[in-house]
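Welcome! Please have a look at the sequence and structure first.

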Amino acid sequence: MKVILDADVIADFYKDNRTGIFRVTYELFKALSENNSIEAFYAHLSLFNYETTTNELNNFFDENSIKISAANHRGKRKFLPLRKEKLFRKLYKKLGVSHFANTNFKVFKEAEIFHSFYYPINKEVRKFPNLKNVVTIHDLIPILFPELHFTSSFIQEIIASIHKDDYVVCVSENTKKDLLKYAPHLNPNHVFVNLLAASKSLFYVCENAEKFKGIKEKYHLPDKYFLSVGTLEPRKNVDFVIRNFLEFVRENKIDDLSLVLVGAKGWDYDKIFEQYNNADELKDKIIITGRVPDEDLASLYSHAHSFYYMSLYEGFGLPPLEAMQCGVATVTSNISSLPEVVGDAGIMLDPKDGDSLRKVMLELYQNDSFRQEYTRKGLERSKLFSWEKSADNLIKIYEKITCS
């Protein structure tokens, strides 16, 4: 079976902004390209007419040992009259004419499946009726909770691009339920679920004391800390975690513990920093690292006392899985897709119930056997997920699609 994987997410983000969706796409590219059940190719059509070329992507895949060939070629046009003139640049932009062109579509005529891991189906793909088109839907959060997100228009555009004969892969049963409720015109038999995973090479129990010594110095960490990982934005409910951590510390007169927040600033993060700025004499108990390199994450997770992820809604929720895989007792919200991820291996709470959160913090802090029980449960639970398993399941979905 010849399958074309859309590489636009990788092309758009590999240089400087490796988002969660980039990481998911990258891991599935790697696993699918190593699976002998299909012949995998990649497409680079550039939905937004960015200037990354096929040659650049080939180099990226070679550097990362991903053996996959291009299904088309994208490069600079050999001739575009007066392309450097300001007036003509504006005219070309208005007309949707790019300095780059997509050519060599031979594989598109032969393949059976085209799979976009995030973006709407590109109009150029529609020119090939032999292709069965698949789109991955990660979540409907911008539509369901516009107050927690800055825009819903792009996810609406993605869903609108799905024709009645197309297929959808959702990253959780909860996302599938949300999608079919929002878009009842979609054929439920064309909507599948494929759970995600956490990289085994990035997220593992890291007991290297020398490495952690360097991590502690780099991020000014104490010996004992609670950890939260995720973009600093309203949906992640980080201000709630900060507020209850500070109350927990004050109520119990604890002086040997900090809260470490790992993640880039996201949309409307002011409320989070308002909680931080109001911490007064306990401000030094809150450590905000910003985004950290992938190679530092295993050590940061593994040496955390416990992990907190009280998100208000998730399409899947990778950080709790990453934490469990690193051997950290994990506390999460009890809503949306998170129960599918943590099962009974994490402590799940109402994300608005501060009393329950503070009680759990105290129990984990005081009762080491309780904490170790959830460490053990989390490690066992995490073994149920892998990118190889996810890729195998995707191939089964492709097989069902080609037989339908």
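Predicted model: local features only at pLDDT ≥ 70, side-chain atom pairs only at ≥ 80, totals over all residues.

Residues are numbered from 1 along each chain as its sequence is written, and side-chain values use heavy atoms, with hydrogens and water left out.

**The whole protein**
- The protein has 17 helices and 15 strands, taken as DSSP runs (helices H or I, at least four residues; strands E, at least two) and numbered from the N terminus.
- Of its 404 residues, 56% count as buried, meaning under 20% relative accessible area, with exposed over 50% and partly exposed in between (1.4 Å probe, protein chains only).
- Among contacts (heavy atoms within 4.5 Å) between residues at least 6 apart in sequence, 71% join residues at least 24 apart.

**Around K285**
- You will find K285 in the loop between α11 (270–277) and β12 (286–290).
- K285 is buried but has no salt bridge, which would need a side-chain nitrogen of Lys or Arg within 4 Å of a carboxyl oxygen of Asp or Glu.
- The nearest side chain of opposite charge is that of D284, 5.6 Å away from K285; Lys and Arg count as positive and Asp and Glu as negative, while His and the chain ends are not counted.
- Leaving out residues up to four places away in sequence, K285 touches F245, I254, D255, D256, L257, S258 and L259.

**The sheet**
- An open sheet of 7 strands runs in the order β3-β2-β1-β6-β7-β8-β9, with parallel pairing; two strands pair if DSSP finds at least two bridges between them.
- At the edges are β3 (69–70) and β9 (191–193), each pairing on one side only.
- Strands β1 (residues 2–6) and β6 (residues 113–116) run parallel and are joined by 3 bridges; I4 has F114 as its bridge partner in β6.

**Around K132**
- K132 sits in strand β7 and is partly exposed, with a relative accessible area of 24%.
- A polar atom of the K132 side chain lies 3.0 Å from the backbone oxygen of S404.
- Beyond its neighbours within four places in sequence, K132 has contacts that include E112, Y167 and I401.

Technical notes
Polar contact = N/O pair within 3.5 Å; in protein donor to acceptor, adjacent residues only side chain to side chain.
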